[in-house]
Amino acid sequence: IYWFMSREFAAAVGGAIVGGGIVAWIGWYIVKRNILDMDIECRERKRAGRPTRLIFIRHGESLGNIDSKNYETIPDNKMPLTKDGQDQAREAGEVLKELVDGGTVRWFVSPYRRTVQTFHGLIEAFGYSKTTLPPGLRMSPQIREQDFGNFQRVADMDLHMQDRHKFGRFWFRFPFGESGADVFDRVDAFISNLSRQMDGQYPGGPSPHYDNYVFVTHGLTMR
């Protein structure tokens, strides 16, 4: 009798375990499917706010490019393009228009004078002007040029460049200016905020979709 009851009990327990295991497995499967469906939906929602192409454009030739002494009297943020630089911007606009091939464009522009002038030259190819700006424009000081100080005397800058070579190009901070690491930090913050905005992690959901993101900025910032 004891053995019989033990077998019956074991069978009952075994059945409960098996039955419970099946129920638990079905429950786990349903939860897993829901998680996968949510993940797929989340990914699709993120992709909806992301561009298909990122384009980086450096400003055209500036007065500072042809003679560094201009930085002694002209603030870096006010350094204008040369006539050749303006022509370069218009030519680049024609190339850009052909590249995007009718796709929508969102613009991100450094507020420095030479990058704004380059932007104005670029948009002429798209039928816009200084007074009629394209939609999707964002001016961002986070993608400005590295700050090398205020007015930059050539003799002082020569000494700073020698010190930078000794200290380390990425880590050397110019007096009253920035290091390459400082630029990295603010550009990283810019990219992080932009990514969250594209993925809809800010109130209002994902940003409107643009086929192309064009960044009009500076050489070191691009690197």
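V109 stands opposite V216 in strand β4. Five bridges join strand β2 (residues 105–109) to β4, and the two run parallel; strands pair if DSSP finds at least two bridges between them. Here strands (E, at least two residues) and helices (H or I, at least four) are DSSP runs, numbered from the N terminus. The model is predicted, with local features requiring pLDDT of at least 70 and side-chain atom pairs counting only at pLDDT 80 or more, whereas totals for chains, interfaces and linings use all residues. Residues are numbered from 1 along each chain as its sequence is written, and side-chain values use heavy atoms, with hydrogens and water left out.

Strand β1 (residues 53–58) also pairs with β4 in the parallel sense, over six bridges. Within this pairing, L54 has Y213 as its bridge partner in β4. Strand β4 (residues 212–217) is mostly covered, with six of its six residues buried, that is, under 20% relative accessible area; exposed means over 50% and partly exposed in between (1.4 Å probe, protein chains only). N212, V214 and V216 point one way from β4, while Y213, F215 and T217 point the other way.

Attention now turns to helix α5. In α5, the residues M157, H160 and R164 are buried. Seen down the axis of α5, the buried residues fall within an arc of 60 degrees, so they line one face of the helix; the arc is that of the directions from the helix axis to the C-beta atoms. The face turned away from the buried side of α5 carries the exposed residues H165 and K166. After α5 comes G168, whose phi is positive, near 130 degrees.
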